Amino acid sequence: MTRRKIEEYERELGDGRRESDDGASPDEAEAMTQLFEHTQTPAIPGHDEPQEFLPAPLHPDCLATEAMAVGLQGIDRNLATQLADRALATAPCMNDLRCVWRAVSVLLIARAIRALDAHCTRLAGRAGPAGPATDLVWPLVRAQIARLAGDLAGARDRLSGLVGPGVPRSVRHLALAWQLETLVRAGEIEEAVTLAKESDLDGLTGRPSAHRPLLLAARGTVRLAEGRYQEALNDFVTCGDTHAFEHMASQAVLHWRAMAAFAAAGCGRPDLARSLADGEHEAAKHCGAPAGVGYALYVKAMVAGQGQEVALLGDAVQLLEVASARVELATVCLEFGRALAAAGDAPRAAGQFSLAAELAHEIGNRRLAGEVAVEQRKVDNAPPRKSLSPQEHRVASLARAGLTNKEIAAKTELTVRTVEFHLSGVYRKLQLSSRKELLAPGVDLG
């Protein structure tokens with residue numbers, strides 16, 4: 001989705017509150033460390049307009065910058081991670097805090113948890129040209145490793161010491177954004193709302209800084225969880241019009257389009273929701289990470305499924321399982337179970353609810369566990385589905401093949417009225433309400 005398209009959305013929203021992000025105020029700039037910096041915006045050859053904001057080289061033959069550039073352009077994710085690994089093990093990158101952060105960002109996106117953990121163990125506390133500021137990097141990285149591994153409690157504990165007074169603003173604001181997201185993912189909505197107020201999140205998002213996109217995304221996430229859909233949509237759209245590549249290396253990782261799609265759906269704007277969901281899917285495919293693509297398919301299923309919910313959610317579950325993305329997988333399994341139950345496939349639905357319950361317990365999301373328990377009771381208490389007669393099965397199969405009632409009648413040598421009678425029996429036994437539901441992917445005829 002291009003910058004021009006986002007500007008069209010903003011004009012449509014009519015919020016009129018876009019703010020400058022050209023640079024930080026003197027007071028804010030003074031508080032910044034060299035850990036984060038703005039990037040240049042050259043156009044990629046062969047495109048009419050810039051497709052991504054690429055990082056400026058930090059020094060000649062900078063492996064960290066090359067790793068980020070490869071990752072941003074979607075050339076080769078494996079190459080990007082290999083370059084990031086080399087950057088963290090090779091001078092001068094390993095001795096430059098900016099290089100360290102760029103390389104770490106690439107590995108975070110790739111969910112290279114083992115590699116990140118090894119680098120943390122090796123580099124944390126080492127003395128060198130990067131100086132003691134490196135001590136601030138590792139708690140942040142460890143927190144993200146914990147979150148990616150599904151240890152939300154561990155992530156919260158590590159971030160809690162970085163959001164209070166005495167921590168440099170650049171680190172504190174980044175930790176605040178990540179902590180708010182972690183709390184929402186853990187189902188602790190009230191705690192997230194309280195932290196946002198205590199931290200003056202509204203004030204922070206009103207100031208131009210390198211952290212503003214992440215803070216906007218965090219505020220939008222909290223507002224979305226509260227059901228404040230229009231305000232959340234404004235935050236995500238504004239976030240998408242600014243850039244935070246020194247923090248996340250790719251806007252796809254912010255999932256701002258995905259969250260904006262949910263907000264747009266909540267506002268009753270399905271066309272906008274579908275456009276944003278499609279944009280999230282394209283961005284995720286460009287990045288190439290299985291977790292990102294899986295999450296994007298989940299978003300498409302929820303806001304733009306159009307009868308393909310079961311197929312999209314099934315693919316999403318497979319990709320998230322491959323990526324070991326337990327936090328996202330827990331929610332997607334719940335929604336996949338709901339879709340299967342709606343399609344009349346109670347056994348498979350029960351299996352997804354069981355997995356969702358296990359994951360919700362493992363990641364410590366009590367709110368999600370409660371939702372899963374409700375769905376499990378519905379499946380357990382549902383009356384057993386009656387099996388179709390041979391004639392009903394044949395008629396239903398022909399209907400799913402796209403034949404009209406008249407065509408089915410001719411093929412089976414039945415009257416149209418008899419075909420209608422059999423289809424009524426199919427709907428009743430499969431607990432369906434219409435032919436449209438019978439044609440939906442995933443319906444099991446037994």
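Which helix is the place of G314?

Author: G314 sits in helix α19, residues 309–322. Helices here are DSSP runs of H or I, at least four residues long, and strands are E runs of at least two, numbered from the N terminus. The model is predicted, so local features need pLDDT of at least 70, side-chain atom pairs count only at pLDDT 80 or more, and totals for chains, interfaces and linings use all residues. Residues are numbered from 1 along each chain as its sequence is written, and side-chain values use heavy atoms, with hydrogens and water left out.

G314 counts as buried because its relative accessible area is 12%. Buried means under 20%, exposed over 50%, and partly exposed in between, with a 1.4 Å probe and protein chains only. G442 lies 128 residues from G314 in sequence, yet their C-alpha atoms are 9.6 Å apart.

Now the wider setting. The protein has 26 helices and zero strands. Of its 446 residues, 52% count as buried. Take contacts (heavy atoms within 4.5 Å) between residues at least 6 apart in sequence: 60% join residues at least 24 apart.

N405 belongs to helix α24, residues 405–412. N405 is buried too, at 18% relative accessible area. Beyond four places in sequence, N405 contacts V416, V419, E420, L423 and R435.

Next, the packing. A nonpolar core is a set of buried Ala, Val, Leu, Ile, Met, Phe, Trp, Tyr and Cys residues joined through side-chain atoms within 4.5 Å. The largest has 76 residues; L233, L276, Y298, V299, V303, L430 and L438 touch the most other members. Helix α18 (residues 290–304) gives the most to this core, ten residues. V299 touches A258, A261, F262, A277 and A304, leaving out residues up to four places away in sequence. Another core lies apart from the largest one, with 59 residues, including C62, A67, L107 and A175.

A pocket is an open set of points on a 1 Å grid over the protein atoms alone where a 1.4 Å probe fits, with protein on both sides within 12 Å along at least five of seven lines; lining residues have an atom within 4 Å of a point. The largest pocket holds about 1300 Å³. It is lined by 50 residues, and V184, R185, T221, M259 and Y295 are the closest to its centre. Helix α20 (residues 326–342) supplies the largest share of the lining, seven residues.

Methods: Points joined across faces, edges and corners; volume = space filled by probe spheres on them.
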